[in-house]
Amino acid sequence: MGFFSKIFSKIFPSANAAEVVVAAPPAAAGAPAAPAAPASIPLGDVAPILDAMPGASGLNWRTSIVDLLKLLGLDSSLAARKELAGELLYSGNDEPGSAAWNIWLHKQVMRSIAANGGTLPADLRD
């Protein structure tokens, strides 16, 4: 099970983690388009699920990848986030662990959740 599948199964325990796919990063100008993800099955609103988890009120999971991973009870270390970034096909130039890198990682996790059927409010989609 990949790291993103672990995230997804913590949010949607009844979902089949074996069928989870990561969303393709936005294509750069002139780059070939990535294959489309399979059709998703609506699973529910992500924000209320995460807000209801123990400890959510003390964490900034809506913008922080570290806090999101902590909320889900997953490893939030730099090594774990590097593994997740590799799985999500990070190809930028930002230093791993930098603010820009962590922001990209959080946004890509949210995009992948939405691509797999999670419903996100507008502020979490992009």
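Me: Among contacts between residues at least 6 apart in sequence, what percentage join residues at least 24 apart?
Reply: In this predicted model, the figure is 58%.

Me: Ok. How many helices and strands does the chain have?
Reply: There are six helices and two strands. Going along the sequence, they come in the pattern α-β-α-α-α-α-β-α.

Me: And what percentage of the residues is buried?
Reply: Of the 126 residues in the chain, 37% are buried.

Me: How many residues are in the largest nonpolar core?
Reply: That core has 30 residues. Ile-7, Leu-50, Leu-84, Val-109 and Ile-113 have the most contacts inside it.

Me: Which helices supply residues to this core?
Reply: At least two residues each come from H1, H2, H3, H4 and helix H5, which covers 99-115. H5 gives the largest share of the core, six residues.

Me: Back to Ile-7. What is it in contact with, leaving aside neighbours within four places in sequence?
Reply: Ile-7 is in contact with Leu-69, Leu-72, Leu-74, Leu-84 and Val-109.

Me: How do H1 and H4 pack, then?
Reply: Helix H1, residues 3-11, packs against helix H4, residues 78-87, at an angle of about 100°. Their axes are 8 Å apart. Angles of 65 to 115 degrees count as roughly perpendicular, so H1 is roughly perpendicular to H4.

Me: Which residues meet there?
Reply: From H1, they are Phe-3, Phe-4, Ser-5 and Ile-7. From H4, they are Ala-80, Glu-83, Leu-84 and Glu-87. By type, the residues of this contact are five nonpolar, one polar and two charged.

Me: New topic. Where does Trp-61 lie?
Reply: Trp-61 is in the loop between helix H2 (46-51) and helix H3 (65-71).

Me: Is Trp-61 buried or exposed?
Reply: Trp-61 has 2% relative accessibility. The cut-off for buried is under 20%, so Trp-61 counts as buried.

Me: What does Trp-61 touch, not counting residues up to four places away?
Reply: Trp-61 touches Ala-47, Leu-50 and Asp-51, and also Ala-56, Asp-67, Leu-68 and Leu-71. His-106, Met-110 and Leu-124 are on the list as well.

Me: Which side chain is joined to that of Trp-61 by a polar contact?
Reply: The side chain of Asp-51, through a polar contact of 3.1 Å.

Me: And Leu-71? What separates its C-alpha atom from that of Trp-61?
Reply: The two C-alpha atoms are separated by 7.2 Å. Along the chain, Trp-61 and Leu-71 are 10 residues apart.

Terms used
Residues numbered from 1 in each chain as written. Predicted model: local features only at pLDDT ≥ 70, side-chain atom pairs only at ≥ 80, totals over all residues. Heavy atoms only, no water. Axes fitted to C-alpha atoms, helices over the stretch in contact; angles between N-to-C directions. Helix = DSSP H or I, 4+ residues; strand = E, 2+ residues; numbered from the N terminus. Parallel < 35°, antiparallel > 145°, perpendicular 65-115°, else oblique. Contact = heavy atoms within 4.5 Å. Nonpolar A, V, L, I, M, F, W, Y, C, P; charged D, E, K, R; others polar. Buried < 20%, exposed > 50% of the residue type's maximum accessible area, 1.4 Å probe, protein only. Polar contact = N/O pair within 3.5 Å; in protein donor to acceptor, adjacent residues only side chain to side chain. Core = buried A, V, L, I, M, F, W, Y, C linked by side-chain atoms within 4.5 Å.
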